[in-house]
Amino acid sequence: MSLDPRGALVLFSGGQDSTACLAWALERHAHVETIGFDYGQRHRVELDCRGRVRQGISEVFPLWAGRLANDHLLDLRLLAQISDSALTEPRAIEMQASGLPNTFVAGRNLLFFSFAATIAYRRNLSVLVGGMCETDYSGYPDCRDNTLKALQVALSLGMATPMTIETPLMWLDKARTWALTQALGGDALCELIVEHTHSCYLGEREHRHAWGYGCGACPACELRRKGHEAWRAGLAG
Ligand code: ZN
């Protein structure tokens, strides 16, 4: 497969989904940069994972190492000032009357993509890659395919240059995301994701399960565990 000559910028949090997206981009694009956002997360574990995942990929996949370029980390702590969310405030995760979990920072992905687009413009990159997904839908309207297609048009018009938003996980459930990971980087990539990425809302890194580290009880852990189990069951069946 010939490489896409356009440079890509991956929204890379250090979690499972964005690591799968990074591998997806490295397989397709000759030049891939990453961007992360420090928005005053209650737990910084995920941010700490970013460097380890990038380093692990460079060590294990020489072909991808030659394509993996700059990392950008933006200070977006102003999000904590403009939102009221369990991701940035010390309180329990629960469902709100609106039907959305209180981890919801309204419009967060619109902001992330807009900031990413300004960096991409400066770096001469024209493909933005994000791990948003409608299938394991948590009720976040800014993860919807149509939301992001509309944003792609807005960014391309506003910057007067084509900006493509790619969301390779949009129609995959968690089991299929593991299968994609396996197809892209085999057992080595799956192992890297189990060992070095983080999903747990509580920032728990003490207990290692077959699917990775976490408390095992929060919604993020539950989703990750179920997906991993479904994937393994599919492999066995
Ligand atoms: Zn957890």
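How are the donor residues of the zinc ion spaced in sequence? The spacing is C-x14-C-x2-C-x2-C. This is a predicted model, in which local features need pLDDT of at least 70 and side-chain atom pairs count only at pLDDT 80 or more, while totals for chains, interfaces and linings use all residues. Residues are numbered from 1 along each chain as its sequence is written, and side-chain values use heavy atoms, with hydrogens and water left out.

The protein donors of the zinc ion are the SG atoms of Cys 200, Cys 215, Cys 218 and Cys 221, at 2.3 to 2.4 Å from the ion. Donors here are N, O and S atoms within 2.8 Å of the metal (3.2 Å for Na, K and Ca); water is not among the atoms, so sites may look incomplete. The angles subtended by the 4 donor atoms run from 106 to 115°, so the arrangement is tetrahedral. For four tetrahedral donors the ideal angle is 109.5 degrees. Cys 218 is buried, at 7% relative accessibility, whereas Cys 215, at 27%, is partly exposed. Buried means under 20% relative accessible area, exposed means over 50%, and partly exposed is in between (1.4 Å probe, protein chains only).

Next come the aromatic rings. The whole structure holds 4 aromatic pairs. In the pair of Trp 178 and Trp 231, the ring centres are 5.5 Å apart and the planes lie at 15°, so the two rings are stacked. Rings of Phe, Tyr and Trp (its six-membered ring) pair if their centres lie within 6.5 Å; planes under 30 degrees apart count as stacked, over 60 as edge-to-face and the rest as tilted. Trp 178 belongs to helix 7 (residues 174–196) and Trp 231 to helix 8 (residues 219–236), and this pair links parts of the chain 53 residues apart. Helices (H or I, at least four residues) and strands (E, at least two) are DSSP runs, numbered from the N terminus. Both Trp 178 and Trp 231 are buried. Over the face of Trp 231 lies Arg 232, at 5.2 Å from the ring centre; a charge counts as over a ring if NZ of Lys or CZ of Arg is within 6 Å of the ring centre and within 35 degrees of the ring normal. Elsewhere, Phe 37, Tyr 39 and Phe 112 make up one aromatic cluster.

Charged side chains also pair. The search of the whole structure finds 11 salt bridges, each a side-chain nitrogen of Lys or Arg within 4 Å of a carboxyl oxygen of Asp or Glu. One of them joins Arg 123 and Glu 33, at 2.8 Å from N to O. Because Arg 123 lies in helix 5 (residues 108–123) and Glu 33 in strand 2 (residues 32–38), this bridge ties together parts that are 90 residues apart in sequence. Arg 123 is partly exposed, with a relative accessible area of 30%, but Glu 33 is buried, at 0%.

Lys 149 and Asp 145, both in helix 6 (residues 145–159), are 4 residues apart, about one turn of the helix, and their closest N and O atoms are 2.7 Å apart. Glu 222 and Lys 226 are likewise 4 residues apart, in helix 8, with a bridge of 3.1 Å. A network of salt bridges links Glu 191, Glu 195 and Arg 208.

Conventions: Four donors count as tetrahedral if all angles lie between 85 and 135 degrees; four count as square planar and six as octahedral if opposite donors are over 155 degrees apart and all others between 65 and 115; anything else is irregular.
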